[in-house]
Amino acid sequence: MSEQPVIRLEALDKVYQTGEVAVHAVREVSLDVFPGEFVAVMGPSGSGKSTLMNLIGCLDRPTAGRYWLDGEEVGSLSPNELSRVRNQRLGFVFQGFNLLARTSALENVELPLLYSPQGHSRRELRRRSRVALERVGLGPWARHHPSQLSGGQQQRVAIARALINEPALLLADEPTGNLDTRTSIEIMAIIQQLNQKGMTILMVTHEPDIARYCRREVMMRDGRIVSDRPVVDRRDAAADLAARPEPDAEVPA
Amino acid sequence: MKFSATWMIALRALRRNPMRTGLTMLGIIIGVAAVIAMVAIGSGAKAEVAASIEQMGQNMVMIISRAARSGRVHMGGDSGVALTKQDYDAIRQEVCGLAGATPEVRANAQVAYGNENVNTTIYGVSEEYPAVRAWRLERGEHFTGLDIRRATKVAVLGQTVAANLFDGGDPVGQMIRIQHAPYEVIGVLRPKGANMMGRDQDDLVLVPWTSAMVRLTGETTFRSISVQAESAERIPEVVEQITELLRQRHRIPEGRDDDFMIRNMQDMLEVATSTAQTMTVLLGAIAGVSLLVGGIGIMNIMLVSVTERTREIGVRLAVGARGADILLQFLVEAMVLSISGGVLGIALGYAVAHLVSVRFGWITLVSLDSVALAFVFSGAIGIFFGFYPARKAAGLDPIEALRYE
């Protein structure tokens, strides 16, 4: 493939030194992810998938190996440059949503813009975060606080926040881990839709059912990639949703 | 990242927890208000003391005889020589830099007009007394040098005496009787009110010192002489000349103590105001301690807040905040708390000072200095006590922070 990968990992290593014991969390992981891919990183707990996620998310630095994000080698960047990379090129979605409490959905979505080096006017902030909220179907909930939203709605706010700076890569760490089955499928429908529009997505999950909504499945064990194959029986979340019976009324906003 | 964004982030964070924000501010509000109010009360007292001493006369130097006396009996030769007319004349003639001088003889006497009579203090003074003691007349005139030389029977009344004897009528030109002798009232002094000890200063009658000595006291010496220096700068010079002159006249040998005391109003003013100043500083310091406690309160809350908001910090770091952004956010939060606390505290302190002056009648002075100081100090407290928690927040590891429960 001549196309430039969004993620290129070359023999990435991560060793945690805790006292006398060295924990080898990630061992010689090499991985290329190309634009438009939708990768599920699977594996039991302790397999190193979260550590890998943190390395790819520029929240952590590898002990050895090289990492190019969107063509730029990020292993050698200063902490401030890493902040810029996280702000401009990455979007994060977490298992626990991680929204700011007592803060409206709109202000939560604005957050990455506040830290972007460009500096936007207040009006611009409002406009962009409103558009992002509408993209995840939460336009009418803009003024609501997280405590007034259901889990699914909160995760959608988090997705809107992740997308606001138009990142090259969306990183999702167990995005459906705290949600019931139906809401999980709803979230996966949104993520699938984003992927269809061209967004590159890397998702950590330990649920095989959820991984089947992705296009590629990477299995980890003991810090190594043990298998890397396309998802064969790929499912369409929107179709699954349509096929399911109507839910009991969703938790009111 | 623009500073306005930091500002917005910090304000939003404070708004998210109004109760905590309010309580934290309360510490600073009370601290600053205490400083402002205490310093206002202290400097009010200082101003009051200074005013009452200045009332005694500007640039005044008072010479007081040390000659031991008991009633009219001199207690032996060893106790020194009293101040005599000759001393007074010598001072007036020989001392340079004098603007005026007056001796003072005092007697308690009964003063009557018609059927009214009062007991009051008669002061025998010179024609320069109103100038030396900074005490103008409200009505009529003061007696002249001619009255002194002739020992005429004229009197100037204090307000209290005038009010008691004449009950609102004009005393000038009326004849009163002092110890059964008739005196013509030629003037009335302006009211002066109570002195620091609470004595009514307006309860007196002034007569020429010559008349007082001849007709009332029978004494030949003065208890004190007051002189006025031409300017504050000349006071030391005047004091030195008088000391030399009197030692010479009283034939006091080298090495012996003076048989008189010289009190300089400037010195008294300094002593009294420095006492008030000490009180102000003490009050301010005590209030300052409460301001310090308020500052520690801010640090306490900020530290708790950093722990409680660990996840929030993790999220901010994940979406691209730099360590410096987090540091600045917490610092701005602390400063907003302390400075708005400071501003509210200044307002409250001002209100308390006003209330005290209205309720208790104390003079209070809210000085611009103490307001500026309290403002700057509260800002400094914000930076000082906000820095440690802010640095702690900025130093968090994003992964740890995101995982924090």
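Hi everyone, let me start with a pair of residues in chain B: Val154(B) has Glu184(B) as its bridge partner in strand 10 of that chain. Please keep in mind throughout that this is a predicted model.

That pair belongs to the contact of strand 8, residues 154-157 of chain B, with strand 10 of chain B, where the two run parallel and are joined by four bridges. Strand 10 of chain B spans residues 181-189, and strand 7 of chain B, residues 137-140, runs antiparallel to it with three bridges. If you want a place to look for that pairing, take Gly140(B), whose partner in strand 10 of chain B is Gly187(B).

Strand 10 of chain B also pairs with strand 9 of chain B, residues 175-178, in the antiparallel sense and over four bridges. Here Ile178(B) is bridged to Ala181(B). What do strand 9 and strand 10 of chain B form? They make a hairpin, with two residues between the strands. In the turn, Gln179(B) has a positive phi, about 45 degrees.

After helix 7 of chain B comes Gly218(B), with a positive phi near 70 degrees.

Now for the contact between the two chains. Chain A brings 23 residues to it and chain B brings 19. On the chain A side, the elements giving two or more residues are helix 2 (79-89) and helix 3 (105-114) of chain A. Helix 2 of chain A supplies the largest share of that side, with six residues. Sorted by class, the side of chain A that touches chain B has 10 nonpolar residues, eight polar ones and five charged ones.

Finally, a word on confidence. The ipTM is 0.91 and the pTM is 0.74. For chain B the mean pLDDT is 87, with 96% of its residues at 70 or more. Where in chain B does pLDDT stay under 50? That happens over residues 75-79 of chain B, and for this stretch the model has five contacts beyond four places in sequence.

Terms used:
Residues are numbered from 1 along each chain as its sequence is written. Chains are lettered from A and ligands numbered from 1 in the order in which they are written. This is a predicted model: local features need pLDDT of at least 70, side-chain atom pairs count only at pLDDT 80 or more; totals for chains, interfaces and linings use all residues. pLDDT is the predictor's confidence in each residue, from 0 to 100. Two residues are in contact if their C-beta atoms, placed from the backbone, lie within 7 Å. Ala, Val, Leu, Ile, Met, Phe, Trp, Tyr, Cys and Pro count as nonpolar, Asp, Glu, Lys and Arg as charged, and the others, Gly among them, as polar. Two strands pair if DSSP finds at least two bridges between them.
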